[in-house]
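This report describes a single protein chain, moving from its overall dimensions to selected helices.

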Amino acid sequence: MLGRLFGRDTERTTEDPHVLPAPRKKNGMYRLRALGDTRVLALVEAADAADWPAVEKALAPFDLGHDHQVLGELAGLDGVQDRIGRAVEEDGEHRAAALLISGARHIRWGWEARTSARAAQVTQEQWRVFHERLETAEEQLFQAAELRPEWVTPWSELLTSGRGMSLGGDVNRTRRDAALRRDPLNLDAHLAWMTQLQPRWGGEPGQALAFAQDAFSRAPQGHRLGCVLPMAYIEEWVESDRGDHLETDEIRARLREAADHSILHPAYLWRPGWQQDFNMFAMALSLAGESHTVRRVFRTLDGAFTEWPWTFFAEPEKQFARHQRRA
């Protein structure tokens, strides 16, 4: 029953009472909202309304110190860095969460000022605002990490701010190690470090893919760390000057193996935001020209589109819809 509700071809024995009904589809797709979860929606709405007591209550089912996707939903809210200001200053039980949310938001806010333009096209004023916001993020994230030393999310976020501030490989290796000591299988920390290894950030060609392959070899069956491999191939495609860079039998076979090992394995954990894991595979398999597993992945998604990683395209939604039709 739940398999059909989620659009999956897997069997489940219990229904999830927190599934957010999908909106009406357009071109066979819809943009996923609040990770497809009613509890996440309540949390986001409380934060958007600057109702901190309601935010504290809505946080109860989640662990922001380890749940990057729920944190990402909060950090994506325009203006939340201002609305959360009082909670950041107060010495309450949830101050660490407030600092974490504000720090993560300042990173995204900083990149909004910088834009996705090439470095040479970014103005001095954009650079100034970018660095100001990242400096605030760093200060708040370190405070959150000090208050809650077991949390991994502050360190993963600090990998992103460190990359933006060009703090260098030694600093970011220290942050990577801090994240992975707390959670050796953390997907988001692996993805942040994999981005650091890309040639556009000073890495060597092939270095990021080798890191991803090693991480995948250590991923338990059904674990979402398996998503590191499709993202590595997507990054390879981004760095390449050939649109057909991934269209080889070897890469298609590796992606099929990775999907079977992770998101299509019976042990895979269906949590809020699982659709993003499937979108990673959907994009990588599509770029590789794979025709079997990609059909299963899109069928499971049932039109649920997550902006990342499709933002590597100029028109993300159109590309998702096009590849879904092909599948």
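## Basis

This is a predicted model, in which local features need pLDDT of at least 70 and side-chain atom pairs count only at pLDDT 80 or more, while totals for chains, interfaces and linings use all residues. Residues are numbered from 1 along each chain as its sequence is written, and side-chain values use heavy atoms, with hydrogens and water left out.

## Overall chain

The chain holds 18 helices and two strands, these being DSSP runs (helices H or I, at least four residues; strands E, at least two) numbered from the N terminus. Its C-alpha trace spans about 55 × 45 × 35 Å along the principal axes.

Of the 327 residues, 53% count as buried, meaning under 20% relative accessible area with a 1.4 Å probe and protein chains only.

## Helices H12 and H13

Helix H12 (residues 207-217) packs with helix H13 (residues 228-239) at an angle of about 170 degrees, their axes lying 9 Å apart; axes are lines fitted to C-alpha atoms over the stretch in contact, and angles run from 0 to 180 degrees between N-to-C directions. That makes H12 roughly antiparallel to H13, a term for angles over 145 degrees.

In the contact (heavy atoms within 4.5 Å), residues of H12 including Leu209 and Phe216 meet residues of H13, among them Val228 and Tyr233.

## Helix H16

The buried residues of H16 (residues 293-301) are Thr293, Val294, Val297, Phe298, Thr300 and Leu301. They cover an arc of only 160 degrees around the axis, which puts them on the same side of H16, the arc being that of the directions from the helix axis to the C-beta atoms. Asp302, which follows H16, has a positive phi near 50 degrees.

Key. Parallel < 35°, antiparallel > 145°, perpendicular 65-115°, else oblique. Buried < 20%, exposed > 50% of the residue type's maximum accessible area, 1.4 Å probe, protein only.
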